[in-house]
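Let's take a walk through this model and look at how its side chains pair up. Have the structure open as you read.

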Amino acid sequence: MLDVKFIRENTEKCKTRLAMRGKSYDEEIDTALALDQKRRDIIGKVEAMKAEQNKVSKSIPQLKKAGEDVSAVLAQMKELSQEVKALDAEQAEVEQQLHDTLLTIPNVPADKVPEGADDTCNPELRRWSEPRAFDFEPKAHWDIGKDLGILDPDTAAKVTGSRFHFYKGMGARLERAVINYFLNTHTDNGYTEILPPFMANTASMTGTGQLPKFAEDMYHLENTDQYLIPTAEVPVTNMYRDDIIPAEQLPIRYAAYSACFRGEAGAAGRDARGLIRQHQFNKVELVNFTAPEDSWNQLENLTHEAEAVLQGLGLPYRVVILCTGDVGFSSACTYDIEVWMPSYGRYVEISSCSNFLDYQARRANIRCRNEQGKPQYAHTLNGSGVAVGRTVAAILENYQNADGSVTVPEALRGFMGTDIIK
């Protein structure tokens, strides 16, 4: 969440930049500022009353020693104590209201984030490689998967429902090969591998920003305090919830495989076929914890790490910076990596790499120590390194052959045990 002090000192900037997200947050900001002022007023009253209590308490022994009646003074002290107790309770209530209000306000887009309404306004930063020129009519990955007998959404629909897949034979092996290739590449580059739980509790989902804003997209397990995770970002980031990270340990860089579960409540009708938008999918996530002064450098490093696995697979892609109307709720700045999909005739998102600054850390109370040993909020970053199902889809489409077979990228052949799927 945002620091209310930052909002108080930069009110107009917060209102202006947040409005660029496509919705005004003036009401929430004004409510937060009013609650903050009320909280500070109460604190001032309580401090004055406690100072009066201390003063009177010190006078009582002298009054008794002088033989004076202190009953009126004691009655005054009792009344004052009751008032302080009532104000303490009111302060706790106001602070909870302030906390709840701040949870509804998204991160302020960084100054480097361009203004724009939606994903059509995302400026392209760079491209890698050129899309393949086919001398035959390329097929969509769902047709390739069906023809090769390696993707089976129909059986999955019977067993579970729409937007699920059975991977079969070489399809299952390809998915596993991509996961292993990603994890090996990232750990070779200095990341520590993590295999996290695939469920997280309410505090964890709130800490990374999924709750309360995106509750409808989450799978909540009935009669529990647990949710199926939408990304490994949630459990891995919350490893340090309510902790203080020693300065010498930073930056901490984790690479985590997990299955991911998303209701996709706002995506009805979009990418209904194939592997692009599933309720359950696999992903390798990169999560970084950094000192505040290092987070922008780490964002560039993290993005290049995600790009590296696509380069190793020979998949053409481009990098865009998300505009204010497209950047995620918790993010201050996000780079999307988009892979070329022949069946779409365009680039499709395969990774989002984000710097959250101290937004998640403040929600989850993740701190680090600076060089002087003083605790401060850490900065958190994450990025897909990358989405596995979308990578499989991109491989099938970009490496397809005229005879219906698919050439296996060289980087995966050691995992696959073959150079072609047919």
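## Salt bridges

Start with Lys112, which is partly exposed at 40% relative accessibility (buried means under 20% relative accessible area, exposed over 50% and partly exposed in between, with a 1.4 Å probe and protein chains only). Before going further, a word on ground rules: this is a predicted model, where local features need pLDDT of at least 70 and side-chain atom pairs count only at pLDDT 80 or more, while totals for chains, interfaces and linings use all residues. Residues are numbered from 1 along each chain as its sequence is written, and side-chain values use heavy atoms, with hydrogens and water left out.

What does Lys112 meet in a salt bridge? Its partner is Glu300, at 3.8 Å from N to O; the term asks for a side-chain nitrogen of Lys or Arg within 4 Å of a carboxyl oxygen of Asp or Glu. Glu300 sits in helix H10 (residues 295-313) and Lys112 in the loop between helix H4 (71-103) and S1, so this contact ties together parts 188 residues apart in sequence. Helices (H or I, at least four residues) and strands (E, at least two) are DSSP runs, numbered from the N terminus. Glu300 is partly exposed too, at 26%.

By this rule, the count is 20 salt bridges. Another one joins Glu124 and Arg318 at 2.9 Å, N to O. Glu124 belongs to strand S1 and Arg318 to strand S11, so the pair ties together parts that are 194 residues apart in sequence. Glu124 is partly exposed, with a relative accessible area of 36%.

## Around helix H3

Lys15 and Asp30 also form a salt bridge, at 2.8 Å from N to O. Here Lys15 comes from helix H2 (residues 11-19) and Asp30 from helix H3, so parts 15 residues apart in sequence are tied together. Is Lys15 buried or exposed? Lys15 counts as buried at 15% relative accessibility, whereas Asp30 is partly exposed at 39%. Elsewhere, Arg8, Asp36, Arg39 and Arg40 are linked in a network of salt bridges.

Thr31 has its place in helix H3 (residues 26-65) and is partly exposed at 32%. The Thr31 side chain reaches the backbone oxygen of Glu27 at 2.9 Å. Thr31 and Asp358 are 327 residues apart in sequence and 22 Å apart in space, C-alpha to C-alpha.

## Aromatic pairs

There are 10 aromatic pairs, counting rings of Phe, Tyr and Trp (its six-membered ring) whose centres lie within 6.5 Å; planes under 30 degrees apart are stacked, over 60 edge-to-face and the rest tilted. Trp128 and Tyr317 make a stacked pair, 5.8 Å centre to centre with 15° between the planes. This pair links distant parts of the chain, with Trp128 in strand S1 (residues 124-128) and Tyr317 in strand S11 (residues 317-321), 189 residues apart. Trp128 is partly exposed at 27%, but Tyr317 is buried at 1%.

Phe134 and Phe136 have ring centres 5.3 Å apart and planes at 80°, so they go down as edge-to-face. Phe134 is partly exposed at 21% relative accessibility. Ring pairs also link Phe214, Phe329 and Tyr359 into a cluster.

## A three-strand sheet

Finally, look for the open sheet of three strands in the order S8-S14-S15, with mixed pairing. Strands pair if DSSP finds at least two bridges between them. The edge strands, S8 (244-245) and S15 (375-377), each pair on one side only. S8 and strand S14 (residues 367-369) run parallel and are joined by two bridges. Ile245 stands opposite Cys368 in S14.

Key
A polar contact is a pair of N or O atoms within 3.5 Å; within protein, one must be able to donate a hydrogen and the other to accept it, and residues adjacent in sequence count only if both atoms are side-chain atoms.
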